[in-house]
Amino acid sequence: WAAHEKAVGSLAKRLGFTQVSLSSEVMPMVRAVPRGYTVCADAYLTPKIHLYLTEFSAGFKGGLKDVDVLFMQSDGGLTPMEQFCGSRAVLSGPAGGVVGYAVTCYGFMEKKPVIGFDMGGTSTDVSRYAGQYEHVFEATISGITLQAPQLDISTVAAGGGSRLFFR
């Protein structure tokens, strides 16, 4: 019940919680368990992402306040830095790979489907592009079922991540 959840969220903010993720806002879909996993992932990851983005921005003149910075989401779309959140970031890296090979490898004249195989040091992502992005709204990643719009990417042995630094 969204009204009850919002009331508890307001109370948590008044008590000093800096991060409050509400499932009715993060992913208002049925199925309580995946919805619960999704909001827990969001509550855990969003503060970490915001801390990273604060540190990242501080390395630039003016803290990137006058620059439109967009981040890739798991669904292949871009979002402003301030709206980038944990539940939409889980497969953002592999989604960038899908967008990249879709733009560079798919022949719009031939219309031949392309298979993406992205092998990293700790995981492998497999996807397909046949002229349009294939989306799912629920996927199991590392044994956890998350409800969030994302490109249809099969991940084997999901691992860590990488960070870009500039000196």
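**Figure legends: overall fold and close-up views**

**Figure 1. Overview of the predicted protein.** The secondary structure amounts to 4 helices and 9 strands, where helices (H or I, at least four residues) and strands (E, at least two) are DSSP runs numbered from the N terminus. This is a predicted model, in which local features need pLDDT of at least 70 and side-chain atom pairs count only at pLDDT 80 or more, while totals for chains, interfaces and linings use all residues. Residues are numbered from 1 along each chain as its sequence is written, and side-chain values use heavy atoms, with hydrogens and water left out. Along the sequence the pattern reads α-α-α-β-β-α-β-β-β-β-β-β-β. The C-alpha atoms fill a box of roughly 60 × 45 × 30 Å along the principal axes. Of the 167 residues, 34% are buried (buried: under 20% relative accessible area; exposed: over 50%; partly exposed: in between; 1.4 Å probe, protein chains only).

**Figure 2. Close-up of the nonpolar cores.** A nonpolar core is a set of buried Ala, Val, Leu, Ile, Met, Phe, Trp, Tyr and Cys residues joined through side-chain atoms within 4.5 Å. The largest one has 9 residues, namely Ala95, Val98, Tyr101, Ala102, Tyr106, Val114, Tyr129, Leu151 and Ile153. Helix 4 supplies the largest share of this core, 4 residues. A second, separate core of 8 residues includes Leu53, Phe71, Met81 and Phe84.

**Figure 3. Close-up of Leu151 and its contacts.** Leu151, a member of the largest nonpolar core, touches Ala95 and Val98 as well as Ser74, Asp75, Gly76, Tyr133, Glu134, His135 and Val136, leaving aside residues up to four places away in sequence.

Figure 4. Phe117 counts as exposed because its relative accessibility is 55%. Its contacts, not counting residues up to four places away in sequence, are with Thr124, Asp125 and Val126. The C-alpha atoms of Phe117 and Lys6 are separated by 42 Å, the two residues lying 111 residues apart along the chain.

Methods. Contact means heavy atoms within 4.5 Å.
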